[in-house]
Amino acid sequence: MKVHVKTFGSLTDILAKEFYITANDTTELLATLSRDHAELAQRSLLIAVNNTIIKTAVTFHENDIVALMPPYSGG
């Protein structure tokens, strides 16, 4: 599936702010990005698919929007 990826925060220093990639699910997406950008393998990421933060692997549908964010804290 072709998905639209948006990155935020310090991840924009590693990846483009927006790009398209072909992946079947979040596991494949992260494996591909980690293989191509070794510095990602050492980072924790929050992942949202279509504006919903996910905690487990999600299978993509064509044109899903995936947001990759560094962990955040707040109060």
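Biologist: What relative accessibility does Asp36 have?

Modeller: Asp36 counts as partly exposed, the class between buried (under 20% relative accessible area) and exposed (over 50%), taken with a 1.4 Å probe and protein chains only. Bear in mind that this is a predicted model, where local features need pLDDT of at least 70 and side-chain atom pairs count only at pLDDT 80 or more, while totals for chains, interfaces and linings use all residues. Residues are numbered from 1 along each chain as its sequence is written, and side-chain values use heavy atoms, with hydrogens and water left out. For Asp36 the figure is 47%.

Biologist: Thanks! Which side chain meets that of Asp36 in a salt bridge?

Modeller: The structure holds one salt bridge, meaning a side-chain nitrogen of Lys or Arg within 4 Å of a carboxyl oxygen of Asp or Glu. Its N to O distance is 3.4 Å.

Biologist: Asp64 is buried yet has no salt bridge, so how far away is the nearest side chain of opposite charge?

Modeller: Asp64 sits in the loop between β4 (52–54) and β5; strands here are DSSP runs (E, at least two residues), as helices are (H or I, at least four), numbered from the N terminus. In the charge count Lys and Arg are positive and Asp and Glu negative, with His and the chain ends not counted. The nearest side chain of opposite charge belongs to Lys6, at 13 Å.

Biologist: With which side chain does Asp64 make a polar contact, then?

Modeller: Beyond four places in sequence, Asp64 touches Lys2, Val3, His4, Val49, Asn50 and Thr59, where contact means heavy atoms within 4.5 Å. A polar contact needs N or O atoms within 3.5 Å; within protein, one must be able to donate a hydrogen and the other to accept it, and residues adjacent in sequence count only if both atoms are side-chain atoms. The pair here lies at 3.0 Å, and the partner of Asp64 is the side chain of Asn50.

Biologist: What is the phi of Asn50?

Modeller: Asn50 is in the loop between β3 and β4, strands that form a hairpin with two residues between them. Asn50 is partly exposed, with a relative accessible area of 40%. Its phi is positive, in a residue other than glycine, and near 50°.

Biologist: And what is the phi of Asn51?

Modeller: Asn51 belongs to the loop between β3 and β4. Its relative accessible area is 79%, so it is exposed. Asn51 also has a positive phi without being glycine, and the value is near 70°.

Biologist: In β4, which residue is the bridge partner of Ile47?

Modeller: On β3, Leu46 and Ala48 point one way and Ile47 and Val49 the other, and all are buried. Two strands pair if DSSP finds at least two bridges between them, and three join β3 to β4, which run antiparallel. The bridge partner of Ile47 is Ile54.

Biologist: In α1, where around the axis do the buried residues lie?

Modeller: In α1 (residues 26–36), Thr26, Leu29, Thr32 and Leu33 are buried. They cover an arc of only 130°, judged from the directions from the helix axis to the C-beta atoms. An α-helix has 3.6 residues a turn, so residues three or four places apart point the same way. Their cover includes β1, β2, β3 (46–49), β4 and β5, and their place is the same side of α1.

Biologist: Last one: how far apart in space are Leu11 and Met69?

Modeller: Leu11 lies in the loop between β1 and β2 and counts as buried at 0% relative accessibility. Its contacts beyond four places in sequence include Leu40, Leu68 and Met69. Leu11 and Met69 are 58 residues apart in sequence, yet C-alpha to C-alpha they are apart by 6.9 Å.
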